[in-house]
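Let's take a friendly look at one protein model together. Keep the sequence and the 3D view open as you read.

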Amino acid sequence: MYKTKAFSAVSATSPLASTAITRRDPTPHDVQIEILFCGICHSDLHAVRNEWSSIMPTVYPIVPGHEIVGRVTKVGSAVTKYKPGDLAAVGCMVDSDRTCPHCQAGLEQFCPNMTLTFNSPDKHLGGVTYGGYSDSIVVDERFVLRVPSNLKLGGAAPLLCAGITTYSPMRHWGVTKGKKVGVVGLGGLGHMAVKFAHAFGAPAVVFTTSPNKKEDALRLGADEVVISRDANEMKKHAGSFDFILDAVSAEHDINAYINLLRRDGNLTLVGAPAKPLGVSAFSLIMGRRSLSGSAIGGIAETQEMLDFCGKHSITADVEVIPIQKVNEAYERLLKSDVKYRFSIDMASLKSE
Ligand SMILES: [Zn+2]
Ligand SMILES: [Zn+2]
């Protein structure tokens with residue numbers, strides 16, 4: 001075991017602050033990574049403040065962060081895919097049981113015994129796993145990903161959660177060249193969905209409540225922007241979408257979007273409103289439309305997504321911050337005051 005620097009919160013009402021945590025020494029199958037950047041995901045904030053206590057209560061102290069990119073510093077004797085000096089990434093999972101039907105299908109994200117990158121029981125050291133707001137991390141090579149060398153690392157970090165969360169359902173529901181895609185909400189997830197749709201050659205329409213996001217949406221690759229409060233504008237798109245990605249966590253009328261789907265079209269939820277949604281059965285029945293959800297992606301698909309991003313030079317639009325600004329960043333995140341993701345430059349942790 002060794003000590004490494006980190007930022008942690010000791011209670012639901014405490015700010016994140018500098019600390020030291022213990023990591024395991026690499027086992028034969030482990031890769032040790034010096035963390036260079038870690039994106040700030042909304043789930044970090046939910047977990048730090050114990051807002052999902054009914055589903056996964058937070059164990060304190062918590063070290064959040066699951067959008068990790070860095071450089072390999074050490075590998076175990078049985079590691080074959082990585083060597084010291086390689087760029088590497090870690091997303092939302094660090095292990096799974098590897099035997100259940102989900103794991104066998106390469107869909108580790110649905111494994112009932114999956115180990116999340118933070119706040120999950122740690123099989124090696126006991127306690128819970130600690131995430132990426134840290135100097136280094138040790139992860140089994142099967143859950144480590146390669147990062148294309150042409151990508152800027154600060155912007156590559158959010159691909160590990162925001163990127164795969166949007167890429168996976170688009171691939172699953174067959175978004176390809178010429179399919180009409182809708183993106184509801186232009187935040188961390190939505191802006192990635194626009195970039196992917198554009199790269200797939202699929203015309204993308206962004207739905208937003210803020211007219212001031214119009215220009216930015218077009219810059220990111222959207223073909224059209226619809227102000228969702230404008231019923232006439234909405235009507236023009238009725239029955240025309242192959243796929244809509246809904247990334248909104250606030251309460252909203254889902255039927256207004258389901259009605260925009262064409263026959264056999266799908267709307268996938270990746271935002272998680274706290275209250276149940278009211279879905280009109282007729283909206284689904286007429287046109288055999290479907291409504292579904294999606295969660296990140298498997299390891300193989302996450303690698304596919306990173307390789308796709310390398311080929312198309314796709315990264316998240318980020319505001320890079322030092323770790324000392326993380327509490328301020330959380331407050332701004334609550335006001336959606338970021339374009340479009342915060343990425344922590346971990347070099348800033350060295351001065352702590
Ligand atoms: Zn996340
Ligand atoms: Zn499994």
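## Some ground rules

A residue is called buried under 20% relative accessible area, exposed over 50%, and partly exposed in between (1.4 Å probe, protein chains only).

This is a predicted model, in which local features need pLDDT of at least 70, side-chain atom pairs count only at pLDDT 80 or more, and totals for chains, interfaces and linings use all residues. Residues are numbered from 1 along each chain as its sequence is written, chains are lettered from A and ligands numbered from 1 in the order in which they are written, and side-chain values use heavy atoms, leaving out hydrogens and water.

## The zinc site

Which residues coordinate the zinc ion (ligand 1)? Cys41 (SG), His66 (NE2) and Cys161 (SG) do, at 2.0 to 2.2 Å. Donors here are N, O and S atoms within 2.8 Å of the metal (3.2 Å for Na, K and Ca); water is not among the atoms, so sites may look incomplete.

Cysteine 41 is buried, at 5% relative accessible area, and histidine 66 is buried too, at 8%.

## Salt bridges

Side chains of opposite charge can pair when their charged atoms come close. A salt bridge here means a side-chain nitrogen of Lys or Arg within 4 Å of a carboxyl oxygen of Asp or Glu. By this rule there are 19 salt bridges.

One of them joins arginine 288 to aspartate 264 (2.6 Å, N to O). Arginine 288 is exposed, with a relative accessible area of 60%, whereas aspartate 264 is partly exposed at 37%. Shared partners also join Lys195, Asp216, Arg219, Asp317 and Lys339 into one network of salt bridges.
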